[in-house]
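Have a look at the picture, then read on.

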Amino acid sequence: MSIKEILESAGLPAQRGVYTGRDKPDAYYTFLRLLGTPALNADDEEKDSREMYRVTLFHKGDFEAQLDKTKEILKAAGVYINSIDAESYEVETGYWLVPITIEILKEE
Amino acid sequence: MGEFNTVGLEDIIEAFSKREAATVEAVPKMLKAGADVLVEAQKAEAMAMGLNETGGFINSIKATDVKGSDTEKYVEIYPQGRAGHGNDRKGDKSKVRYATIGFVAEYGTSKQQARPYMTTANEKAHEKVVEAQRNIWESETGK
């Protein structure tokens with residue numbers, strides 16, 4: 001299951017980088033891979049890998065329930081939540097931004 | 001009433017006292033050594049992510065002096081100072097803080113993709129920072 005599919009299972013659209021759809025919804029996710037590193041090497045081959053992503057929940061309203069749901073679906077998918085960083089408010093657009101840093105361990 | 005005697009306790013107390021004195025000396029040096037590595041890592045990552053339109057932002061990434069109390073020491077690493085321009089798009093002429101530029105780069109906006117130079121650099125440099133700090137610890141304490 002891709003990160004996009006995992007996030008969309010929480011009921012919101014998700015897009016890599018920046019949301020470019022014409023009609024921007026009141027709530028959505030963006031995601032971005034920050035780093036991919038080997039987690040385990042054996043016999044000179046990469047056996048497991050570790051990927052770090054920045055997921056951002058954009059929400060025009062009270063986002064707490066959606067944030068809880070996001071954490072729930074990430075944990076259920078075996079994703080590690082490293083941190084939920086400081087939320088900020090975009091006055092211009094009315095979106096709250098909630099950055100979440102996550103890690104996914106992939107077995108080859 | 002029972003009683004007990006100890007032998008060599010004074011030596012242990014003295015050894016602990018010496019270790020404490022060495023730690024007090026070593027910790028600020030360790031923090032500075034680690035900060036030097038991390039500053040360079042953040043600058044390199046910011047450069048790689050294209051945050052070098054003017055060069056001012058990259059040069060603004062610095063470590064503070066060692067701060068804290070007798071029981072806790074720390075340094076902070078962040079873009080310091082102000083750019084020579086405001087937010088022109090909004091007609092804001094006040095000089096924008098480099099920390100604000102860094103925040104927007106790190107987390108993005110609804111219209112601008114994030115360029116998380118700080119999280120990425122911190123993750124990549126983690127082991128090098130620890131190694132730099134360990135080297136200082138070992139040279140300062142003889143361990």
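Start at the N terminus of chain A and the elements run α-β-β-β-α-β-β-β. That comes to two helices and six strands. Keep in mind that this is a predicted model.

How far does the C-alpha trace of chain A span along its principal axes? The answer is about 55 × 25 × 25 Å. Chain A has 108 residues, and 44% of them are buried. Its accessible surface is about 5,900 Å², with 46% of that belonging to carbon and sulfur atoms. As for how the chain meets itself, take the contacts between residues at least 6 apart in sequence: 52% of these join residues at least 24 apart.

**A closer look at one residue**

Let's zoom in on A:Glu51, which sits in strand S3 (residues 45-59) of chain A. Is A:Glu51 buried or exposed? It counts as buried, because its relative accessibility is 11% and the cut-off for buried is under 20%. Leaving aside residues up to four places away in sequence, A:Glu51 touches A:Arg33, A:Leu35, A:Gly36, A:Ile102, A:Glu103, A:Ile104 and A:Lys106. Among these neighbours, A:Arg33 makes a side-chain polar contact with A:Glu51, and the side chain of A:Lys106 makes one with the side chain of A:Glu51 too. Here are the distances:

| Side chain | Partner side chain | Polar contact |
|---|---|---|
| A:Glu51 | A:Arg33 | 3.3 Å |
| A:Glu51 | A:Lys106 | 3.1 Å |

**Where the two chains meet**

Now for the partner. On the chain B side, 17 residues are in contact with 21 residues of chain A. Between them the two chains bury about 1,500 Å², and 59% of that is on carbon and sulfur atoms. Which residues of chain B lose the most area to chain A? They are B:Tyr107, B:Ser110 and B:Glu123, which together account for 41% of what that side buries.

B:Glu123 turns up again in a salt bridge with A:Arg50, where the closest N and O atoms are 2.9 Å apart. The interface has three salt bridges in total, and seven residue pairs are in polar contact between chain B and chain A. On the side of chain B that touches chain A, the elements giving two or more residues are helix H3 (98-107) and helix H4 (117-141) of chain B. H4(B) gives the most, with four residues. By type, the residues on that side of chain B divide into four nonpolar, seven polar and six charged.

Conventions: Residues numbered from 1 in each chain as written. Chains lettered and ligands numbered in written order. Predicted model: local features only at pLDDT ≥ 70, side-chain atom pairs only at ≥ 80, totals over all residues. Heavy atoms only, no water. Contact = heavy atoms within 4.5 Å. Buried area = accessible area lost by both parts, 1.4 Å probe. Salt bridge = Lys/Arg side-chain N within 4 Å of Asp/Glu carboxyl O. Polar contact = N/O pair within 3.5 Å; in protein donor to acceptor, adjacent residues only side chain to side chain. Nonpolar A, V, L, I, M, F, W, Y, C, P; charged D, E, K, R; others polar. Buried < 20%, exposed > 50% of the residue type's maximum accessible area, 1.4 Å probe, protein only. Areas by Shrake-Rupley, 256 points an atom, 1.4 Å probe, with all protein chains shown as cover.
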